[in-house]
Amino acid sequence: MDKILEDLFSLQDIEYKNFNAKLIPTVDKDLIIGVRTPDLRNYAKKLFKEDEKRSFKFLNSLPHKYYEENNLHGFLIEQIKDFDLAMEYTENFIPFIDNWATCDSFCPKVFKKYVNETYEKILLWIKSDKTYVVRYGIGLLLSNYLDENFKEEHLKIVSKIRSEEYYINMMIAWYFATALTKQQKYAIKFIENKKLDDWTHNKAIQKAIESRRITDEQKIYLRSLKVKIMR
């Protein structure tokens, strides 16, 4: 484990650390090493290929101290090709996630091969009392279930999630903003009928309008659906 930490510090970029710290306010700056994501992904692939035993030892050493250790953890899980094993390590890991960036950074490819099995786990995760477990579940619906695996029931499930947590509501907004670009005829009904809380509703519209995949005509219509929030 000391060797892994030594390797991570050898990849340190102080300017990137300072930049990244501003984007992840829930993580103590002293716990950010400053490793760029492509470098960390390459290191994870190399480590898993060359020393699988040490990789699994690392995966079994929760909790970690540094932000990059958590990201490395997610990237190592991505290397696992067996679905049951990848899911086991994912379920063990996500309760320890403490920031949006780690939460959104990893998505095992094997999950896309087991759509129904993963979906069953998602339904459990979004009921969690842990912010980033819920966010991770919604994030998987966004990345893996808005194209060929899409069902209208997914929109209904996400629309019913209610939370006071900014990072959950922000992911709900991103989910609906993306749905408005990929499954517009279904997603627009949830916006028209104001199925989200006011803040999330407006944020979803804002993010959708920022997309180049939304036409100018659609943007005008979406703006008309914004709600006034009383302060």
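1. Y186 has a relative accessible area of 26%, so it is partly exposed. (Buried means under 20% relative accessible area, exposed means over 50%, and partly exposed lies in between, with a 1.4 Å probe and protein chains only.) The ring of Y186 pairs with that of F150: the centres are 5.5 Å apart and the planes stand at 45 degrees, so the pair is tilted. (Rings of Phe, Tyr and Trp, the last by its six-membered ring, pair if their centres lie within 6.5 Å; planes under 30 degrees apart count as stacked, over 60 as edge-to-face, and the rest as tilted.) The two residues are 36 apart and link distant parts of the chain, with F150 in the loop between α9 and α10 (152-159) and Y186 in helix α12 (residues 184-192). F150 counts as buried, at 15% relative accessibility.

2. The model is predicted: local features need pLDDT of at least 70 and side-chain atom pairs count only at pLDDT 80 or more, while totals for chains, interfaces and linings use all residues. Residues are numbered from 1 along each chain as its sequence is written, and side-chain values use heavy atoms, with hydrogens and water left out.

3. The structure holds 15 aromatic pairs. One of them is F176 with F190, a tilted pair at 5.9 Å centre to centre and 50 degrees between the planes. F176 lies in helix α11 (residues 166-182) and F190 in helix α12, so this pair ties together parts that are 14 residues apart in sequence. F176 is buried, with a relative accessible area of 0%, and F190 is buried at 10%. Elsewhere, F93, F106, W125 and Y136 form one aromatic cluster.

4. Helix α11 deserves a separate entry. Of its 17 residues, 14 are buried, so α11 is largely enclosed by the rest of the structure. From first C-alpha to last, α11 reaches 24 Å, close to the 24 Å expected at 1.5 Å a residue. (The expected span is 1.5 Å times one less than the number of residues in the helix.)

5. How many helices and strands are there in the protein? There are 14 helices and 0 strands. (Both are DSSP runs numbered from the N terminus: helices are H or I with at least four residues, strands are E with at least two.)

6. There are 9 salt bridges in the structure. (A salt bridge is a side-chain nitrogen of Lys or Arg within 4 Å of a carboxyl oxygen of Asp or Glu.) Among them is R36 with D13, at 3.1 Å from N to O. R36 lies in the loop between α2 (14-23) and α3 (37-50), and D13 in the loop between α1 (2-10) and α2, so the bridge ties together parts that are 23 residues apart in sequence. R36 is partly exposed at 38% relative accessibility, and D13 is partly exposed at 23%.

7. Another salt bridge joins R135 and D104, whose closest N and O atoms are 2.6 Å apart. R135 lies in helix α9 (residues 131-144) and D104 in helix α7 (residues 100-105), so parts 31 residues apart in sequence are tied together. Which of the two is buried and which partly exposed? R135 is buried at 4% relative accessibility, whereas D104 is partly exposed at 36%.

8. D51 and R54 also form a salt bridge, at 2.9 Å from N to O. D51 is partly exposed, with a relative accessible area of 26%, and R54 is partly exposed at 23%.

9. Most residues other than glycine have a negative phi, and most peptide bonds are trans. A cis peptide bond joins L62 and P63, with omega about -5 degrees; P63 is in the loop between α4 (52-59) and α5 (67-77). K194, a residue other than glycine, has a positive phi near 50 degrees. K194 lies in the loop between α12 and α13 (198-209) and is partly exposed, with a relative accessible area of 44%.

10. On the chain as a whole, 51% of the 231 residues count as buried. The C-alpha atoms fill a box of roughly 55 × 40 × 30 Å along the principal axes.
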